[in-house]
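Subject: Structure handover

Hello,

The structure is below, followed by my notes on what came out of it.

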Amino acid sequence: MSELKNPHPYAVLPTGVPRAARWMVVVVSGLLGAAALSGAYSVLAGVRVYSVIEGESGFLTARQGELYNTLLMWESAGRYQGGAYLACAVMFLVWFSRMRRNLGLLAPDRFRNGPGWAIGSWFIPVAGLWLPYRIALDMWGAASPLPVDGQPYRAPVWPVNLWWGLFASNVMFSRWCALKFDRADNLEELRAAVVQYMFCDTLEIAAAGAAVFFVVRLTAMQQRKILEGPYRPAL
């Protein structure tokens, strides 16, 4: 008698051990460092613009040629900053998506959305300021070891909160700064806009540093969970 075959075979589950791409961590960290350096250069250019605009007898004045040259430097710094930010954003999204897929193999029950949201969530208006953060929290939880012997344990999430708080603040504040700069009609408004941009660039530098820590820490947590197993060693 021939063996009966199931007309509806079970789907093949994904197998294999996820591996952390160390080269990707190095590249992302390097690009984040480049973005921070471009932000520092932009701050320096802003300081030069600010120093050219002088106050005299209650009025703001500036030498036309010197102001023109410093504004050219400031705009050039902005272009470098934009290029570095774009390259950094592309590579960060590649790393973010790969980490989501890897951690989905380790702890699929920790995620509320599919792996495609690791990229798509960034491009949703308004919700893009919240959804990637939720995915990052899910990845952090998936990379955290499980408790042992019923002991409560929760991995500290402050690295995720710090990175996202600085990043989201920089995104919103930069848009406001761009609006203020476009509306500047005199030297006083120009100088105020430059000061606001310098604060925004400082936020970007801090956000880049926090992002490096988040990237390195999450990758290390994933690798440790792969090597040591899903449970936290008993103390």
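Of the contacts in the protein with a separation of 6 or more, 75% join residues 24 or more positions apart; a contact here means heavy atoms within 4.5 Å. This is a predicted model, in which local features need pLDDT of at least 70 and side-chain atom pairs count only at pLDDT 80 or more, while totals for chains, interfaces and linings use all residues. Residues are numbered from 1 along each chain as its sequence is written, and side-chain values use heavy atoms, with hydrogens and water left out.

Overall make-up

The protein has 6 helices and 2 strands, in the order α-β-β-α-α-α-α-α along the sequence. Both kinds of element are DSSP runs numbered from the N terminus: helices are H or I with at least four residues, strands are E with at least two. Of the 235 residues, 39% count as buried (buried is under 20% relative accessible area, exposed over 50%, partly exposed in between, with a 1.4 Å probe and protein chains only). The accessible surface comes to about 14100 Å², and 63% of that belongs to carbon and sulfur atoms; areas come from the Shrake-Rupley method with a 1.4 Å probe, and for residues only the protein chains shown count as cover.

Pockets

The pocket search ran on a 1 Å grid over the protein atoms alone; a pocket is an open set of points with protein on both sides within 12 Å along at least five of seven lines, and lining residues have an atom within 4 Å of a point. Grid points are joined across faces, edges and corners, and a volume is the space filled by probe spheres set on the points.

The largest pocket holds about 600 Å³. Its lining has 24 residues, with Y85, A89, W122, F167 and V171 nearest the centre. Helices α1 (22-52), α2 (64-106), α5 (158-182) and α6 (187-228) each supply at least two lining residues, and α5 gives the most, with 6. By class, this lining has 19 nonpolar, 3 polar and 2 charged residues (Ala, Val, Leu, Ile, Met, Phe, Trp, Tyr, Cys and Pro are nonpolar, Asp, Glu, Lys and Arg charged, and the others, Gly among them, polar).

The second largest pocket holds about 430 Å³. It is lined by 16 residues, and G78, Q81, S174, Y197 and D201 lie nearest its centre. Here α2 gives the most, with 6 residues, and the lining divides into 7 nonpolar, 6 polar and 3 charged.

Helix α4

Helix α4 covers residues 131-143 and reaches 19 Å from its first C-alpha to its last, close to the 18 Å expected (1.5 Å times one less than the number of residues). Because 10 of its 13 residues are buried, α4 is largely enclosed by the rest of the structure. Those buried residues pack against α2, α3 (117-120), α5 and α6.

One of the buried residues of α4 is I135, with a relative accessible area of 6%. Leaving aside neighbours within four places in sequence, I135 is in contact with F96, R100, W117, A118 and S121. The C-alpha atoms of I135 and R100 are separated by 8.1 Å, although the two residues are 35 apart along the chain.

One backbone angle

V126 sits in the loop between α3 and α4. Its phi is near 65°, a positive value in a residue other than glycine. Most residues other than glycine have a negative phi. V126 counts as exposed, at 74% relative accessibility.

Regards

How values were computed: 1 Å grid on protein atoms, 1.4 Å probe; cavity = no way out; pocket = protein on both sides within 12 Å on 5 of 7 lines; lining within 4 Å.
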